[in-house]
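Reader: Could we go through this model together, beginning with the metal site and then the helix packing?

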Amino acid sequence: MKKLFLPALLAVILVSCSQLPTDQNSERPSYSYTFSLPALHPDSLSISLVASQAGRFVLPFHFFDNPVDSFSSEIVRDLQVFDSDGAPADTLLMLEKIGPIYNQVIGFSSNVKFPVTIRWKLNPEAFSDTAMNLLPPVALSTSRLSITGASCFIIPFIEGSIAQMWRKPLDLEIDFRTGIQVYGIPEKSFRCANIYELLFLQIFSGDPVIAQGTGGGTDFTFLNLREESFEPGMMQAVSSNFSLILDEIAAVYGSFPENYTVAFQVIRGGLEATYGFSVLRPSLDTNFQFHEVLAHEALHNFIGIRCGEYDDPWWKEATTNYLGAVLATRLNLYNKESLKGRLTARFAYTDSSRFNLALSDQWLRENMFPQNVHPLVYNKGAQVVMLLDLRVRQASGNKYSINDVTAYLTINFTNSAFNRQDFLAAFRSFGNINVDDIFSDYIDIAGALIPDSLLALAFDSLDSLGAFGD
Ligand SMILES: [Zn+2]
């Protein structure tokens, strides 16, 4: 069993006592963050949270539904908590299992008067033991800032499933107080619709801008966070290709945020973010999946970030994996023969007991990355999405595709998440398309094989319908 993270030591901290009665009210709670970074320096970052109502709070998250590096020690240091009078508040740190691992949760004694203010700094030592090719959760030096929201924000703890906790609409306001240029945020002060958007922020500073462009209603910026340089000519080509990708996606899904940041990092593949993403080194080689990863991560702006699901943990990565590869192929930025090889090859691990899981198995939500079974979702999942694509195109006379059904979902459930019944209803809204058999045969049954002949037939049929371009 692979273990990515070690639970932190249970610590109980009792700060001095406040004797004031609890001030409860029934208004919707609000959470106001201040991210203070006066200059680039390992010790310069401090964060605070003012929470209007009583509740518990999770220290920077050790787990979210994509892999990041493990932490070697406590992330938070210099934690201070004050009540509404500015007096130190009674707090209790406890461990709570959220997702696959234990997280530290701050609770309050009943006499603490809200709103409370929580202030903290990050411990740079916690991030020094980073493995190669996974995005470092925090890099902060005199020349660089690269940070994920999951690694730095204390968040409200909401009982229920991890999806319910992340997708619950909340008033999360963030104020950036900084004297330096920061990328990955829409403006110095903005709101997040839910915790997911906060955890998936990627914030950058200090690294050179190597290209800029427009597309899909956004002004995008490419940052180079790698210790190597790239030819301006290649960056110009990548930039215009990315404009095309954004335009294609926006034509179906709607506009991207006004500002969008893409950071070239030492990373395996890419990692989506709320206002951009991180991606591997650029390349113009169409046998290489670079442009596919650009399309994949840009699609996540809608599929995963703005919209999630409650019942189908395979949906986010399987759909994005299929659509990203297909879009890059259609734009002649990825080799169609390679696409065919991937979409028609029987899922390699079907026979192994480790992968004997249904795509809709809820266990996958928390375990697909820690337990290394994500190829089931990415590979077999993408093939299932191909079958769905063919069904939609055939039932609608090639008027609609799986892109249209997916866009329908992401528009109707923006800033929120959908259930299985909403998913099936989305297909019906495009002409009563019935996909029940695909769900029952290949999504809800563990180990179910998609026959080789069906995969090949589906690919060729879609190709003849123009799904993969010329
Ligand atoms: Zn993805």
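Predicted model: local features only at pLDDT ≥ 70, side-chain atom pairs only at ≥ 80, totals over all residues.

Reader: Which atoms coordinate the zinc ion?

Author: The zinc ion is coordinated by NE2 of His 296, NE2 of His 300 and two OE entries of Glu 317, at 2.0 to 2.8 Å. Donors are N, O and S atoms within 2.8 Å of the metal (3.2 Å for Na, K and Ca), and water is not among the atoms, so sites may look incomplete.

Reader: How are the donor residues spaced in sequence?

Author: The spacing is H-x3-H-x16-E. His 300 in helix α5 (residues 290-300) and Glu 317 in helix α6 (residues 315-330) link distant parts of the chain, 17 residues apart. Helices here are DSSP runs (H or I, at least four residues) and strands likewise (E, at least two), numbered from the N terminus.

Reader: And what is the arrangement of the 4 donor atoms?

Author: The arrangement is irregular, because the angles subtended by the 4 donor atoms run from 52 to 151°. Four donors count as tetrahedral if all angles lie between 85 and 135 degrees; four count as square planar and six as octahedral if opposite donors are over 155 degrees apart and all others between 65 and 115; anything else is irregular.

Reader: Turning to packing, at what angle do α9 and α12 cross?

Author: Helix α9 (residues 374-395) and helix α12 (residues 436-443) cross at roughly 165°, and their axes come within 11 Å. α9 is therefore roughly antiparallel to α12. Angles under 35 degrees count as roughly parallel, over 145 as roughly antiparallel, 65 to 115 as roughly perpendicular and the rest as oblique. Axes are lines fitted to C-alpha atoms, for helices over the stretch in contact, and angles run from 0 to 180 degrees between N-to-C directions.

Reader: Which residues make that contact?

Author: Among them are Val 384, Leu 387 and Leu 388 of α9, and Ile 438, Phe 439 and Tyr 442 of α12. Contact means heavy atoms within 4.5 Å.

Reader: How do α10 and α11 pack?

Author: Helix α10 (residues 402-412) and helix α11 (residues 420-428) pack at about 130°, with axes 9 Å apart, and are therefore oblique to each other.

Reader: Which peptide bond is cis?

Author: The bond from Phe 114 to Pro 115 is cis, with omega near 0°. Pro 115 lies in the loop between β6 (101-108) and β7 (116-122).

Reader: Where does Asn 332 lie?

Author: Asn 332 is in the loop between α6 and α7 (336-344), and its phi is near 60°, a positive value in a residue other than glycine.

Definitions and conventions: Residues numbered from 1 in each chain as written. Heavy atoms only, no water.
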